[in-house]
Structures are given as C-alpha cells and as structure tokens.
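Thanks for coming, everyone. Please have the view open.

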Amino acid sequence: EVFNDENNTTAASVWRTDNDSNKWHMNINEAFKDDRKDLVHTIVHEYAHVLTLSGTQVPEVKGSCPRFQLSEGCANPGSYVQSFHNRFWSQYGDNIPADDGSSQDDVAKFYSDKKDQFVTDYAATNPAEDMAESFAYFVLRPKPTTNEIRDQKINFYYQYAELVAMRTRMRAAIGADLLRQD
C-alpha cells in the first residue's frame with residue numbers, strides 16, 4: 001500500500017495479516033520518495049521485520065511463552081530474534097523504555113547512555129527495531145571491522161549463510177549507486 005502524507009513521520013511499516021501469520025502487509029509513505037537512499041534503507045528495514053518475525057521464526061502464541069515474547073508471538077528456539085535477544089538484549093531484562101510505556105525522553109536517555117551499542121537511536125527502541133536497523137546496515141554497508149557492540153550486531157547476520165547470500169542478492173538488486181559507503 002502506498003500513501004502520501006508529508007505530515008505523517010512514518011516512512012513505512014509492516015504487520016502480519018489477520019488470517020495468515022506468514023503473510024504481511026506493508027505500507028510506504030510516498031512523501032519520503034525523494035531521498036532514495038533513505039527509502040531503500042527503510043524498505044530493507046521493513047523487510048527485516050518480515051524476515052525475523054515471520055510465522056516460522058515467531059509463531060503466534062497460544063498460552064504462555066517460555067522464551068522471548070513479542071506482539072507477533074513467541075520466538076522459536078534458535079530463531080534469529082531469539083538469538084539476537086539472548087546475545088544483545090537479555091541483559092536489560094524488562095527495563096526497555098519503549099516497551100514499558102516510558103516517555104520519548106526516557107527512550108532518548110536509554111539510547112544516549114548506550115550510544116555505542118546501537119547503529120541508530122531508533123534501534124534503541126526495542127529488540128525488533130534493533131534487529132531491523134542492524135539488518136539494514138548489514139545489507140547496505142560494508143562489513144564492520146571493529147568489535148564495538150553496534151558492529152557485533154551487524155556482524156551477527158554474517159553467521160547465517162542464507163542471510164549472507166540474501167545480502168549479496170539484495171546488494172546486486174539495489175545497485176552500487178545507492179549503497180552507502182560511509
């Protein structure tokens with residue numbers, strides 16, 4: 001779905017369809033189409049949600065969840081999101097400002113206190129946004145060479161051969177003129 005609303009700060013979003021947890025709906029705000037690099041980043045980010053929160057990774061939950069629970073369901077053991085959560089987010093416990101109804105100021109403070117751990121301030125929102133932003137950096141930027149936590153999050157994806165192959169295909173489709181080199 002494409003909409004055009006320059007007063008809406010949402011560039012795009014995705015969500016599961018009501019009747020099939022393996023089908024997703026995406027909308028894109030055409031008001032942001034003039035910045036092609038940002039639009040590509042946004043689409044790759046949204047695709048990461050579909051990839052990491054799909055029904056095969058995070059099935060809908062019926063009852064309690066013994067693992068990491070998201071609004072989409074209960075993360076499968078060994079799923080991308082469960083592995084990412086265990087490695088990078090379990091240390092925070094339930095102290096995730098965006099998930100506990102805290103203010104934007106609290107989220108901003110969470111990020112500023114841990115700036116070296118996130119690729120963007122939006123990534124500090126919650127594990128799913130951190131995964132999507134880190135995945136966009138994984139696809140669109142060169143492989144990091146430092147061991148900072150934010151770079152560990154990008155490098156997390158390199159352990160999965162299927163994601164490395166996907167990255168190669170996506171980068172070829174996107175084209176060198178749009179790939180960020182900074």
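Start with helix α2. The buried residues here are Tyr80, Val81, Gln82, Phe84, His85, Phe88 and Trp89. Buried means under 20% relative accessible area, exposed means over 50%, and partly exposed is in between, with a 1.4 Å probe and protein chains only. Helices are DSSP runs of H or I with at least four residues, strands are runs of E with at least two, and both are numbered from the N terminus.

Before I go on, the ground rules. This is a predicted model: local features need pLDDT of at least 70, side-chain atom pairs count only at pLDDT 80 or more, and totals for chains, interfaces and linings use all residues. Residues are numbered from 1 along each chain as its sequence is written, and side-chain values use heavy atoms, with hydrogens and water left out.

Back to α2, residues 80-89. Seven of its 10 residues are buried, so the helix is largely enclosed by the rest of the structure. What do those buried residues pack against? The partners are α1, β4, α3 (104-113), α4, α5 (149-155) and α6. Contact here means heavy atoms within 4.5 Å.

Tyr160 sits in the loop between α5 and α6. Is it buried or exposed? Its relative accessibility is 14%, so Tyr160 counts as buried. Leaving aside neighbours within four places in sequence, Tyr160 contacts Tyr80 and Ser83. Gln117 is 43 residues from Tyr160 along the chain, and their C-alpha atoms are separated by 21 Å.

Now the largest pocket. Its lining has 29 residues, and His45, Glu46, His49, Tyr122 and Glu129 lie nearest its centre. The elements giving two or more residues to that lining are β2 (12-16), α1 (36-53), β4 (69-70) and α4. Helix α1 gives the most, with seven residues.

On a 1 Å grid over the protein atoms alone, a pocket is an open set of points where a 1.4 Å probe fits, with protein on both sides within 12 Å along at least five of seven lines; lining residues have an atom within 4 Å of a point.

Last stop, Gly73, in strand β5, residues 73-74. At 1% relative accessibility, Gly73 counts as buried. Not counting residues up to four places away in sequence, Gly73 touches Val58, Pro59, Glu60, Val61 and Phe68.

Take Val61 from that list. Val61 is in the loop between α1 and β4. Val61 is partly exposed, at 28% relative accessible area. Val61 and Gly73 are 12 residues apart in sequence, and 4.6 Å apart C-alpha to C-alpha.
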